[in-house]
Amino acid sequence: MTQKNDETKRSRKQSNEKTKNQSSRNSGKAKSNQPKKKETKKEAAYGRINPPETKKSQRKSEKTAKPETKKRQYSKSGKNSKDKKKASVPVRIIPLGGLEEIGKNITLYECGDDMILVDCGMAFPDDDLPGIDLVIPDFTYVIKNKDKIRGLFITHGHEDHIGSIPYLLKEFDLPVYGTRLTLGLVEGKLKEHGIKGDLRVCSPTDRVKAGCFDVEFIHVNHSIPDSVGFAIRCPGGLFVHTGDFKIDTTPIDGDVIDLARFGELGAEGVTMLLTDSTNAEREGFTPSERTVGNSFENLFSQAQNKRIIVATFSSNIHRIQQIIDEAVRCSRKVAVSGRSMINVVSVASELGYLNVPEGVLIDIDSIRKYPPENIVIITTGSQGEPMSALHRMAFSDHRKVDVGPGDLIIISATPIPGNEKTVSRVVNELMKLGAEVIYERMYYVHVSGHACAEEIKLIHTLTKPKYYMPLHGEYKHLVKNAKIAESLGTDKKNIVIAQIGNVVEVTENNVKIVNTVPAGRMLVDGYGVGDVGNIVLKDRKHLAEDGLIAVVMTIDGVLGDILAGPDIVTRGFVYVREAEELIIDAKRVVCNVLDSYQGRDWSTIKQKVRDDLSRYLYERTKRSPMILPIIMEI
Ligand SMILES: [Zn+2]
Ligand SMILES: [Zn+2]
């Protein structure tokens, strides 16, 4: 009870503080009307950072205030004379997902008795996880520390950053902070799971207090609008967590990444920069989203009397906007296909992130009422996903759309590593139906949402971090990202390439991995979370690769005689009718086991049946099916 009360109090306090921050932002008169007593007391105990309210007002009223004097307190390395007197408070950063993989991003920050979580994503299962629907992080350590966790901060609305939120909130409740679109998408996800959730909408430049942490939202560009990075201040330093980002100087919504703020943070003194490694191995800059619009313009102009079908990521709202704009220009109506596409288009239009002129959007059922040259269909399935709308169109399994020679199909995405085969299967099938398919890089129908090497360099140069930690990538990406920091002069010993579960301790003088905590993956299959473990997976793989043989017999419990059977049933091993001889011999092997063993220990008999039959079948077929002896005792 007491604990619950404490939590309620805490969350109420946090929400008060947040409103305070927001109001300070709006009024611009923060300094005078802040009841600062409580915060200053806490800050003073650690003595590292200034009260956030003051900081914020500084930024907002730069013309009137004298920020220079404040700023000069910080040297480039983030240390100043004031800091040196204070004992350093260690900060522990614990990535619980998102390293050595692209997916299920989740990072825990710990300072004193407080923790915050950044992102809570999921991953899609790969080929070695038969039957698994999705993969979520192992929450053991998070649940163990739930009383310390002051909030979950979300960088953006991609599945690899929000997908596991419902599974975490089912374990315990905590405030979730994010921008409007991000939380709009989270809300829909929670609804599906029947959870309400304490969602708190923030905007770029907002600062949220969460225990001893102060989290500032910074606008970044990415392949979904409303993406942010965080400046995380705590008594142990200033941590810049970029989230997924790119630098787009001509973004569709005109909202360029807040590079100036990254520069200001650099001047303030950044302890550690944690950044997106996805495209670290690519040289140069990621092109602007706008270049895709130019390609659409050319392709749409040349399509003449063809129907156009564009497949892209449902979350790429700016891409969808560009398709709609182009459709409007060419007097085409737009229909949407695929569950997630319909969902995102509706959320984004409702929240004002998508601008669709009246009468442009039509129901997929009414596309037949219009000539093909007046139609654009936006669909899911750009990764060739088997259940997606484009996949169904390709295999003539879509109830509303029949693909044929009158279609121009644009796949506005590149396959995520691992999806190449499924994508090319879809392309082949669409072409067999006579459609023209544009998927090649040379048409520039897709740009990445992640920073290439030069963009990473720019953020590094602006923030001038003392320590550096690559996030979000496979091992090779992390290494490339680390090399970028090294090339810019960051000391190798100040760069950490961590694994999930590592406890990365950052102090004034060094950074090192001090411990590990439980981390890994939990598999979700249907309603089951975590009930499919290694043994079940091993069985599934075994069954998939070699099939099953069941040996069924009825035995007299007293005399040990076989009363019925042995019968042999196989699945996925051989077709019994075409292998009669093999099955007769297999039965003989089973009978021999029973003849030679006179005991009544059924488990020994089962084991012997398994061993002898397995040896025999392997000799005859070089296959090792799963053998399942079933003995009924009468
Ligand atoms: Zn993303
Ligand atoms: Zn991501």
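**Strand 11 and its neighbours**

I began at the turn: two residues form the hairpin that links strand 10 to strand 11. Strands here are DSSP runs of E with at least two residues, helices are runs of H or I with at least four, and both are numbered from the N terminus. This is a predicted model, where local features need pLDDT of at least 70, side-chain atom pairs count only at pLDDT 80 or more, and totals for chains, interfaces and linings use all residues. Residues are numbered from 1 along each chain as written, and chains are lettered from A and ligands numbered from 1 in written order.

I looked up the pairing next (two strands pair if DSSP finds at least two bridges between them). Strand 10 (residues 228–234) runs antiparallel to strand 11 over five bridges. Phe230 sits opposite His241 of strand 11.

On to strand 12 (residues 272–276): it pairs with strand 11 in the parallel sense, over three bridges. Phe239 has Met272 as its bridge partner there.

Is strand 11 buried or exposed? I used these cut-offs: buried means 20 or more other C-beta atoms within 10 Å of a residue's own, exposed means 12 or fewer, partly exposed is in between, and C-beta atoms are placed from the backbone. Five of the five residues in strand 11 (residues 237–241) are buried, so the strand is largely enclosed by the rest of the structure.
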